[in-house]
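This briefing is intended for a reader who has the sequence and coordinates to hand. Please consult the structure shown below alongside the points that follow.

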Amino acid sequence: MRTKLADLWKPAMGINIKDLKHGIYLFQFYHKDDMQWVLTNGPWAFDNLTLVINIVKAGEDLIKVSLNEVEFWIQIHDLPYDTKNNSSIWHEYMRLRIKIDVRKPLKRKTKIVKKDKTEVVVTCKYEKLGDFCFICGLLTHTERFCNKKLETADGGITREWGKWVRAPPRRMTGNSISKWLRAEGDGDWG
Ligand SMILES: [Zn+2]
């Protein structure tokens with residue numbers, strides 16, 4: 001995990017990763033920009049399990065740091081929109097950055113109130129969502145380790161969540177060109 005995350009994050013000033021106790025790690029950054037980049041560009045996963053990350057201030061008791069929230073980009077689908085203006089793909093969904101409480105099941109739908117005060121139920125899809133339990137909708141375990149499943153007789157299990165809670169990979173707009181590529185005749189080279 002140390003190697004994989006360090007390679008993924010590429011902190012300019014380096015990183016130190018300590019294994020504190022089962023499943024809890026301390027990531028020490030040597031520059032605040034490196035830390036900020038990791039916090040802004042999450043959520044992150046290892047082995048497809050979401051990392052719950054929080055900041056530890058200098059001198060703060062590690063046990064008191066809460067590890068209950070993860071920020072996700074969610075896509076709101078089935079948004080009501082002006083049917084006269086449906087020519088653009090921009091109306092497909094809306095993206096919101098929201099904090100998820102990992103102690104609560106993932107919301108699959110949410111209510112929004114329109115200008116005319118009527119309510120509409122819209123579908124939420126989560127970007128970069130790793131493994132989670134399709135029975136409980138919780139990020140903290142997978143079905144194999146689900147207490148609800150272990151305590152329920154065969155056939156009594158219903159899966160109200162599924163892969164569809166994950167947002168499909170975002171469509172690239174325009175041509176994706178590496179910033180490292182240069183056109184021929186684009187300035188002097190040396
Ligand atoms: Zn479960």
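C146 is buried in this predicted model, because its relative accessible area is 0% (buried means under 20% relative accessible area, exposed over 50%, and partly exposed in between, with a 1.4 Å probe and protein chains only). C133 likewise counts as buried, with a relative accessible area of 0%. Both cysteines are donors of the zinc ion.

**Basis of the model**
- The model is predicted: local features need pLDDT of at least 70, side-chain atom pairs count only at pLDDT 80 or more, and totals for chains, interfaces and linings use all residues.
- Residues are numbered from 1 along each chain as its sequence is written, and side-chain values use heavy atoms, with hydrogens and water left out.

**Zinc site**
- The protein donors of the zinc ion are C133 (SG), C136 (SG), H141 (NE2) and C146 (SG), at 2.1 to 2.3 Å from the ion.
- Donors are N, O and S atoms within 2.8 Å of the metal (3.2 Å for Na, K and Ca); water is not among the atoms, so sites may look incomplete.
- Along the chain, the donors are spaced as C-x2-C-x4-H-x4-C.
- C133 and C146 link distant parts of the chain: 13 residues apart, both lie in the loop between β8 (119-126) and α3 (147-151).
- The arrangement is tetrahedral because the four donor atoms subtend angles of 102 to 117 degrees around the zinc ion.
- Four donors count as tetrahedral if all angles lie between 85 and 135 degrees.

**Overall fold**
- The protein chain has three helices and eight strands, where helices (H or I, at least four residues) and strands (E, at least two) are DSSP runs numbered from the N terminus.
- From the N terminus on, the order of elements is α-β-β-α-β-β-β-β-β-β-α.
- Of the 190 residues of the protein chain, 25% count as buried.

**Four-stranded sheet**
- An open sheet is formed by four strands in the order β6-β5-β8-β7, with antiparallel pairing; two strands pair if DSSP finds at least two bridges between them.
- β6 (94-101) and β7 (109-113) stand at the edges, each with a single partner strand, so one side of each has no neighbour in the sheet.
- From one strand to the next, the twist averages 45 degrees (axes are lines fitted to C-alpha atoms, and angles run from 0 to 180 degrees between N-to-C directions).
- Strand β5 (residues 69-77) pairs with β8 in the antiparallel sense over four bridges; Q75 has K125 of β8 as its bridge partner, and I76 stands opposite C124 in β8.
- β7 and β8 pair in the antiparallel sense over five bridges, and the bridge partner of V113 in β8 is E119.
- The hairpin of β7 and β8 has five residues between the strands, and K117 in the turn has a positive phi of about 75 degrees.
- β8 is mostly covered, with six of its eight residues buried.

How values were computed
Four donors count as tetrahedral if all angles lie between 85 and 135 degrees; four count as square planar and six as octahedral if opposite donors are over 155 degrees apart and all others between 65 and 115; anything else is irregular.
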